[in-house]
Amino acid sequence: MKTMQNIDSFTHVRGESLFVDDISIRQDTLFGLVFDSPKAHGIIKNVDYSKAEKLEGVVKIFTFKDVPGENQIGGILPDEPLWAEKEVHFWGQPIAFIVAETESIAKKARQLIEIEIEELPVITTAKEAKSKGSFINAPRTFNLGDTKEAFDNCDYIFEGETFSNGQEHLYLETQGCYAIPQENGSIKLISSTQGPTAVQKITARVLGVAMHKIEVDVIRLGGGFGGKEDQATPWAVMTAVAVQHLNRPVKYILNRHDDLRMTGKRHPYSSFFKIGLNKELKIVAFEAEFLQNAGAAADLSPAIAERTLFHATNSYFVPNVKTSVYSCKTNLPPNTAFRGFGGPQGMFVIESAIAAAADNLGIDRKYIQEVNLLDENDEFSYGQIATQVEARNTWFSAKEKFELEKIEKEVASFNKTNEHFKKGVSLMPIAFGISFTNTAMNHARALVHIYQDGSVGVSTGAVEMGQSVNTKMLQVAQEILGISAGKVKLETTNTTRVANTSPSAASSTADLNGKAVKLACEKLLERLVNVAANILQEEESVISICNDLIYVADKKSSLSWEELISQAMLERVALSENAHYATPVIHFDKTIEKGHPFAYHVYGTAITITTVDCIRGVYEIDAVKIVHDFGKSMNIGIDLGQVEGALAQGIGWMTMEEISYDSNGRLLSNALSTYKVPDIFSAPKTIDTIPLETAGNGMAILKSKAVGEPPLMYGIGTYFAIQNAVKSFNKDYKLKFHAPFTPEKVLMALYEK
Amino acid sequence: MIEFIFNNKEIKTAVPAGVTLLDFIREDQRLKGTKIGCREGDCGACTVLIGSLKNGQVSYQSITSCIAPLGNVRGKHVVTIEGINLPKELTVVQQAMTNNYATQCGFCTPGFVVSMTGYALEDKASTLNSCNDAISGNICRCTGYKSIEKAGFEIEEKLTEKDDSDHIKWLIDQGFVPNYFESIPERLKTLASSITDVPKNNEKSVLVANGTDLYVRHADTLAEQKIHLVTHNSDLNGIDISNSICTIGANTTVTDLIEHKEFRSVFPKLDDFLKLVSSEQIRNMGTLAGNFVNASPIGDMSIFFLALNSVLTIQNDQGTERTIPFQDFHQDYKKYDLQQNEIVRSISFNILKNSEKYNFEKVCKRTHLDIASVNTAIRISVENTHIKSAYIGMGGVAAIPKCLSKTSTYLIGKKVNSQTVKEAAVILQSEISPISDVRGTADYKRLLAQQLFYAHFIALFPLNVKLQNMMT
């Protein structure tokens with residue numbers, strides 16, 4: 001299998017990689033700081049900036065009144081002002097932007113601002129929002145078959161309720177932007193964003209200027225995970241507004257507390273399920289109602305809600321499905337994209353439904369899971385027919401390769417002999433659709449220059465944020481052109497080189513941009529082969545390039561890559577190419593909620609083993625053993641890292657990461673001392689990942705499937721493994737589906753009567 | 001002026017002592033490899049190494065530079081990622097990280113590399129058992145840690161060949177650190193002899209030890225205030241065990257306790273207990289007195305010493321000392337018995353007798369680098385199967401670190417068995433008054449208090465006390 005280290009490794013480990021906060025700034029740079037709402041909902045009666053404005057070193061305090069264009073940053077729906085005008089809708093909503101000579105002056109100024117807010121009722125939960133009819137948009141419903149009729153024919157029917165909490169992205173690098181004035185009112189923004197075009201478009205809208213006046217450049221991100229898809233935008237726009245007025249560079253890097261307080265997170269979901277099975281344990285009908293806590297504005301919530309429905313039946317075939325989702329408007333910061341994008345929340349519900357059914361029937365969950373796994377040509381509730389399905393393949397491979405029976409025997413005997421510790425095992429299959437579910441977003445471009453010395457520069461719309469997409473882009477260029485890695489450089493992501501891009505999201509970045517790089521390189525190659533054929537007096541069909549040398553019918557010729565490029569220059573051959581790729585086949589009709597939205601699905605199965613300390617309620621994850629469908633991985637080292645990292649995030653979401661707001665809408669888990677993400681000791685003791693051997697999928701770049709999001713959902717298995725351990729200690733425990741399963745909930749469960 | 005060695009360069013700076021070391025590195029020195037992740041010591045992205053002269057050798061410890069006052073590096077060797085880099089090649093640690101795909105977005109990476117290099121620089125006396133221990137304060141959001149752990153194994157294996165006779169030279173030869181490290185001991189000695197102006201206390205200045213608590217909350221104001229660094233006061237250092245009494249100076253860090261040979265012999269399970277306290281970086285900084293005067297109801301070290309029936313020595317600015325039982329020090333939430341002109345000087349306790357046992361328990365959302373939901377310690381002596389004395393401290397169950405005196409009194413004279421413990425747990429519930437907060441609901445803390453109380457006895461008297469018997 002192919003592998004190649006992240007091309008940034010060398011500078012990363014030496015601390016030489018540049019992030020926004022590390023670039024050298026101009027001497028006349030000013031520093032920004034947001035003044036945000038200290039209440040979750042209310043009418044702004046008065047804001048007194050006078051004391052702050054008088055502070056020495058404060059240059060200007062910007063508010064909605066300073067917006068020359070539209071005070072509107074909403075992406076999907078125009079429902080979010082850059083700065084609050086008359087009302088505030090969440091605690092942490094930006095009201096003003098202080099620009100000062102130093103960051104420390106800006107901080108002092110912020111403390112001098114006095115605000116008077118007439119408080120209005122605060123909604124913090126989706127359930128309350130629904131009961132009050134507070135929604136972002138109309139609900140969506142997916143239908144397959146007829147659940148009403150099907151339930152009449154079920155042998156068993158179970159109903160229940162679930163909750164999965166939000167999740168803070170906790171990218172190690174906080175949000176930030178550095179804005180620099182250019183000529184003629186143009187502005188360059190160096191932003192830590194997953195969506196350079198979104199930043200460009202919204203900035204132009206707010207500033208009331210043409211998009212070509214705004215250049216967005218992204219070097220790399222210190223983690224994104226969805227948190228910088230839409231929500232990197234406001235900070236960039238604010239710095240741009242300030243630059244437009246002051247004609248001096250403005251830098252704003254959020255401190256951690258401000259970032260935690262002001263930005264949205266993974267959506268909490270309250271859900272209800274009804275599952276019907278027959279005697280053979282086949283799931284005949286499934287209904288679910290999802291209440292998504294969207295927060296105070298749409299952000300990406302409608303799209304996230306949609307993906308919840310796409311993944312509501314996970315990797316199972318259910319002939320009769322009815323699922324509905326409500327994006328509930330509350331007074332939390334607008335919740336946003338987070339790795340999985342609503343999919344994990346959907347999967348948690350059906351896995352809970354299966355657990356409830358299994359518990360009632362007195363059997364292990366796996367018996368229900370196994371007989372319902374997707375097969376070739378099964379239909380998803382949204383009309384797509386499953387093909388090249390690997391659900392059963394990964395499931396049975398995992399059972400066999402990791403000797404599930406042996407594991408289960410060992411666990412049973414451990415539980416029999418141990419009074420203080422109990423182990424639990426679970427299986428977690430996944431099927432995750434790849435593509436932006438909004439078909440129009442599935443396109444990308446690449447610009448490839450071959451310089452006259454033979455070196456190559458590649459620009460794409462892909463943003464490097466640790467997923468090593470630049471490494472994969474380099475591999476594509478290298479493979480198609482037949483040259484060594486050292487000849488290829490990946491440029492920053494810049495809106496002037498590659499325009500109108502989709503954000504780096506939906507696990508699709510490598511597929512979309514990689515295909516564009518491939519197309520561009522293929523066109524260059526075609527021209528170069530023509531030049532080579534002329535030089536060597538051979539047919540084009542026998543010419544190939546490999547390892548910087550030109551081959552004729554698989555034999556090395558005397559012609560080198562550099563000589564070929566020199567000759568091409570002399571012959572005035574174009575050595576630059578811009579290519580466009582749009583995913584074929586996919587479509588989706590929202591009016592009937594049917595179509596073929598995904599290029600393909602990624603499959604896999606994880607076995608999770610946990611040990612619960614039944615005296616203290618704490619637990620460890622002994623092992624997670626995975627068979628994963630990478631297609632034909634183009635970089636197994638990188639892809640394994642994506643699996644492990646996503647898994648750890650999924651486990652964090654299911655175990656210790658607990659977002660907490662009080663009833664006034666104030667974030668309580670507002671620092672790293674109160675919001676805990678996994679550390680090295682809470683990671684599973686072992687993670688074994690076996691790549692499933694398949695032919696790969698042609699819709700994926702070099703047949704190497706998308707890998708960013710799917711493995712996060714293996715983490716859901718941890719919830720049920722812990723639950724099984726609790727069950728074996730406390731026979732009176734009544735199953736609850738309320739994630740995360742914190743040590744608190746575990747201890748309460750161990751001793752409930 | 002503050003004088004120290006910064007990487008390979010002697011520095012004499014007029015930057016105020018209260019500015020964080022992190023800001024000095026990034027803003028004054030313009031070295032950007034040390035990253036800003038949280039500014040509260042909870043992520044490790046800003047980790048640097050601090051080298052101090054000890055018996056003619058330089059001993060290195062990792063710290064989080066975001067909550068460290070610059071003034072504390074006077075006379076030390078400060079090493080950032082730039083000071084670890086070799087001119088062209090990667091160091092062994094960097095290569096191991098690269099080999100194992102242990103860097104993804106790269107933002108946390110320099111901090112990990114620094115911590116792991118610190119592990120390599122530890123001398124034989126180190127109590128770090130593994131590379132994982134060295135990165136207990138480093139958070140990575142991308143990798144899931146397994147690749148970093150593998151890099152650690154690679155480093156550990158390489159270090160098994162280490163030549164302890166001149167370990168710095170060996171590390172240089174093997175490519176762990178650059179050549180200049182060899183010159184540091186001499187340069188620090190020269191520096192020590194030239195430093196004369198150790199600042200005196202000024203009445204208007206704020207007392208700061210290593211800053212792990214104050215800088216989390218007040219870094220901005222401390223940067224501009226006059227601060228007095230008590231770490232310069234060597235009277236407050238040291239651990240002394242004589243005449244069966246252990247006396248520990250106020251400046252003693254948790255790491256000092258862990259590394260103290262005699263202290264370790266008093267508590268055979270010390271490593272297990274104290275590695276539940278924060279992270280390697282913070283243990284290298286956080287002082288006992290700092291933990292006591294922070295007065296958090298869940299301060300780990302307060303609970304640790306409360307159960308030892310310790311005595312606190314307090315000193316005023318005239319040098320006059322007074323002693324109080326430690327259990328009387330904390331009076332109400334964040335209120336304690338210390339006047340404006342007083343400082344905590346030391347804490348002492350009678351060494352455990354053979355009949356005495358000690359145990360420490362702590363549960364939080366994340367086992368390491370987290371603040372407890374409930375923590376507790378017990379010191380108990382049993383003679384002829386009967387309890388002779390008992391001291392129990394418990395945190396997270398009252399406004400102050402709680403001394404469970406009623407529960408202790410109840411235990412005395414009773415037989416050690418499940419029945420006794422179960423009955424005592426009822427008294428315990430009457431003594432505590434936990435509140436619901438971000439660390440858990442009151443109901444949970446009550447249950448957890450009971451369970452950890454049971455855990456003490458199950459750990460110390462496994463033959464006499466059984467969980468099952470207490471559950472029925």
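The largest nonpolar core of this predicted model contains 384 residues, and A:I98 and A:A477 have the most contacts inside it. Such a core is a set of buried Ala, Val, Leu, Ile, Met, Phe, Trp, Tyr and Cys residues joined through C-beta atoms within 7 Å. A residue counts as buried if 20 or more other C-beta atoms lie within 10 Å of its own, as exposed if 12 or fewer do, and as partly exposed in between, with C-beta atoms placed from the backbone. Helix α15 (residues 509–536) of chain A gives the most to this core, namely 12 residues. When residues up to four places away in sequence are not counted, A:A477 touches A:V448, A:V456, A:V458, A:V488, A:V517 and A:C521; contact requires C-beta atoms, placed from the backbone, within 7 Å of each other.

Residues are numbered from 1 along each chain as its sequence is written, while chains are lettered from A and ligands numbered from 1 in the order in which they are written. In this predicted model, local features need pLDDT of at least 70 and side-chain atom pairs count only at pLDDT 80 or more, whereas totals for chains, interfaces and linings use all residues.

Chain A has 19 helices and 30 strands, taken as DSSP runs numbered from the N terminus (helices: H or I, at least four residues; strands: E, at least two). Of its 753 residues, 61% count as buried. The radius of gyration of chain A is 27 Å, which agrees with the value near 27 Å for a compact globule of 753 residues; this radius is taken over C-alpha atoms, and the globule rule is 2.2 Å times the number of residues to the power 0.38. Among the contacts in chain A with a separation of 6 or more, 81% involve residues 24 or more positions apart.

Helix α15(A) also packs against helix α16 (residues 561–570) of chain A, at an angle of about 95 degrees and with the axes 10 Å apart. The contact involves A:L528, A:V531, A:A532 and A:I535 of α15(A), together with A:L564, A:Q567 and A:A568 of α16(A).

Between the chains, 64 residues of chain A are in contact with 61 residues of chain B. On the side of chain A that touches chain B, α1 (9–13), α3 (103–112), α17 (636–654) and α19 (743–750) each supply at least two residues. The most is given by α17(A), with 7 residues.

Methods
Contact = placed C-beta atoms within 7 Å. Axes fitted to C-alpha atoms, helices over the stretch in contact; angles between N-to-C directions.
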